[in-house]
Amino acid sequence: MASNPTSRKKFIDSSIILARSFNFHGLDLYWTYPKSNSDMINLEILIKEWRSAIILEAKSSSKQALLLSLAVYYKPKINGTLNYPSKSLAKSLDWINLMAYNFTSPNLSRVTRPHAALLDQDSGKNISGSAGIEDWIKSGIPSKRIVLGLPFFGYAWRLLNRKNHDLNAPARGPIGGGDGSKGYKEISEFCVRATITFDADIVGNYCYLGTTWINFDEFNTIFTKVAFAKKKGLLGYFAWHVGVDNKWTLSQEG
């Protein structure tokens with residue numbers, strides 16, 4: 001869609017019509033993630049044209065202009081190689097929704113790791129929500145246009161040794177099918193029987209029972225992240241996603 005002028009226009013026009021018909025306040029683009037320089041160029045063009053169309057529609061309808069936001073990788077450079085057009089986005093977007101989660105998963109690491117830490121676990125690697133925020137600000141996005149993402153999910157790892165259950169404990173993949181991702185309700189039901197730890201050094205939680213180890217955000221982590229967002233002057237915060245707070249069950253492993 002984004003690479004073709006005709007399809008871009010159809011998408012933009014239809015999105016505005018849809019937003020107005022349901023009295024939405026605005027529109028959010030969820031593109032996870034651009035995979036090439038061409039994708040980034042097309043993203044920049046799409047956002048510019050979208051903003052222009054929103055301005056024209058507001059003038060013709062005499063209504064307040066729709067808001068426009070974009071969900072983005074936690075850093076302005078995807079996987080350290082592909083740059084978002086940050087300065088251009090800052091001119092066209094009302095804010096960015098920074099997805100400060102999914103840094104890792106049981107399928108990507110053979111040791112337990114935090115997938116949404118606010119602070120860096122490993123000095124110098126800058127894999128954290130705070131590092132992402134700083135990088136986005138340096139790239140040209142003002143702090144007041146950044147919305148911090150909070151995960152309503154976590155990941156379940158299968159420990160190699162139930163007695164070794166801290167961060168960086170050896171593991172052998174995910175619990176259950178897929179990537180081991182679990183919704184918050186599922187996690188909270190499991191953690192009633194498990195040992196829960198809050199790690200203030202990274203600002204994150206994990207719980208363990210038998211050979212099951214789950215990292216997630218509990219109240220104390222959310223509270224600390226919200227306080228951090230306020231201190232940094234961010235626009236706000238959002239949860240991804242509310243739907244995983246009311247379903248699923250998790251059986252004990254090992």
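**The cavity and the charged pairs**

Modeller: The structure holds 1 cavity of 30 Å³ or more, a cavity being a set of points on a 1 Å grid over the protein atoms alone where a 1.4 Å probe fits but cannot get out. The model is a predicted one, in which local features need pLDDT of at least 70 and side-chain atom pairs count only at pLDDT 80 or more, while totals for chains, interfaces and linings use all residues. Residues are numbered from 1 along each chain as its sequence is written, and side-chain values use heavy atoms, with hydrogens and water left out.

The largest cavity has a volume of about 80 Å³, taken as the space filled by probe spheres set on the points, which are joined across faces, edges and corners. Its lining counts 14 residues, and Pro114, Gly204, Asn205, Asn215 and Phe216 are the closest to the centre. Lining residues have an atom within 4 Å of a point. Strand S11 (204–209) and strand S12 (212–216) each give at least two residues to the lining of the largest cavity; strands are DSSP runs of E, at least two residues, and helices are runs of H or I, at least four. By class, this lining has 9 nonpolar, 4 polar and 1 charged residues, with Gly counted as polar and Asp, Glu, Lys and Arg as charged.

Now to the charged pairs. The whole structure has 9 salt bridges, each a side-chain nitrogen of Lys or Arg within 4 Å of a carboxyl oxygen of Asp or Glu. One of them joins Asp94 to Arg51, with the closest N and O atoms 2.7 Å apart. That pair links distant parts of the chain, 43 residues apart: Asp94 sits in the loop between helix H3 (86–92) and strand S5 (95–98), and Arg51 in helix H2 (residues 37–61). Arg51 counts as buried because its relative accessibility is 14%, and buried means under 20% (exposed is over 50%, partly exposed in between, with a 1.4 Å probe and protein chains only). Asp94, at 27%, is partly exposed.

Another salt bridge brings Lys75 and Asp135 together at 3.3 Å, N to O. Lys75 is buried at 14% relative accessibility, whereas Asp135 is partly exposed at 25%.

Notes
1 Å grid on protein atoms, 1.4 Å probe; cavity = no way out; pocket = protein on both sides within 12 Å on 5 of 7 lines; lining within 4 Å.
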